[in-house]
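Thanks for coming. Please have a look at the chain on the screen, and then I will walk through it.

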Amino acid sequence: MDVSGQESDWRSANFRQKLVSQIDEAMRKAGVAHNKSSKEMENHVFMKAKTRVRHPLFSSNFLRCWR
């Protein structure tokens, strides 16, 4: 499996924007208003995750809270 592309790079703008969209969708489906934007929430996950392995783990745990 080739993981060298920008889509697979967890630090890329495209990859991070996908998480922002997922957070937006989860918040919308949950009918929850929050004082932080989805971009701020994604940035928190990004800053907490120091590796490519940890980012999806933190992301899935974070999204599970909204579903």
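**A walk through the chain**

I start with valine 53, which sits in the loop that joins helix H2 (38–48) to helix H3 (54–66). Helices here are DSSP runs of H or I with at least four residues, strands are runs of E with at least two, and both are numbered from the N terminus. Before going on, this is a predicted model, in which local features need pLDDT of at least 70, side-chain atom pairs count only at pLDDT 80 or more, and totals for chains, interfaces and linings use all residues. Residues are numbered from 1 along each chain as its sequence is written, and side-chain values use heavy atoms, with hydrogens and water left out.

Back to valine 53: is this residue buried or exposed? Buried means under 20% relative accessible area, exposed means over 50%, and partly exposed is in between, with a 1.4 Å probe and protein chains only. Valine 53 has 64% relative accessibility, so it counts as exposed. Along the sequence, valine 53 is 43 residues from tryptophan 10, yet their C-alpha atoms are 9.1 Å apart in space.

Now the overall picture. The chain has three helices and zero strands, and the order of elements from the N terminus is α-α-α. Of its 67 residues, 30% are buried. The chain exposes about 4,900 Å², and carbon and sulfur atoms supply 54% of that area. These areas come from the Shrake-Rupley method with a 1.4 Å probe, and for residues only the protein chains shown count as cover. A contact means heavy atoms within 4.5 Å. Among contacts with a separation of 6 or more, 48% are between residues 24 or more positions apart.

Next, helix H2. Which residues of H2 are buried? They are Ser38, Met41, Glu42, Val45 and Phe46. Looking down the axis of H2, these buried residues fall within an arc of 140°, so they line one face of the helix. The arc is that of the directions from the helix axis to the C-beta atoms. On the face turned away from the buried side, H2 carries the exposed residues His44 and Lys48.

On to the core. A nonpolar core is a set of buried Ala, Val, Leu, Ile, Met, Phe, Trp, Tyr and Cys residues joined through side-chain atoms within 4.5 Å. The largest one here has twelve residues, including Trp10, Met41, Phe58 and Leu63. Helix H1 (13–30), H2 and H3 are the elements that give two or more residues to this core. H1 gives the largest share, four residues. As background, nonpolar side chains in soluble globular proteins tend to be buried together.

Histidine 55 is in helix H3, and with a relative accessible area of 1% it is buried. Leaving out residues up to four places away in sequence, histidine 55 touches Trp10, Phe15, Leu19, Glu42, Val45, Phe46 and Ala49. Serine 59 is also in helix H3. It counts as buried because its relative accessibility is 8%. With residues up to four places away again not counted, serine 59 touches Leu19 and Val45.

Now the rings. Rings of Phe, Tyr and Trp (its six-membered ring) pair if their centres lie within 6.5 Å; planes under 30 degrees apart count as stacked, over 60 as edge-to-face and the rest as tilted. How many aromatic pairs are there by this rule? The count is one. In that pair, the ring centres of tryptophan 10 and phenylalanine 46 are 5.4 Å apart and the planes are at 50°, so the pair is tilted. Tryptophan 10 lies in the segment before H1 and phenylalanine 46 in helix H2, so the pair ties together parts that are 36 residues apart in sequence. Both tryptophan 10 and phenylalanine 46 are buried.

Last, charges over rings. A charge sits over a ring if NZ of Lys or CZ of Arg is within 6 Å of the ring centre and within 35 degrees of the ring normal. Arginine 16 lies over the face of phenylalanine 46, 3.6 Å from the ring centre. The charged end of lysine 48 sits over the ring of phenylalanine 58, at 5.1 Å from its centre.

That is the end of my part.
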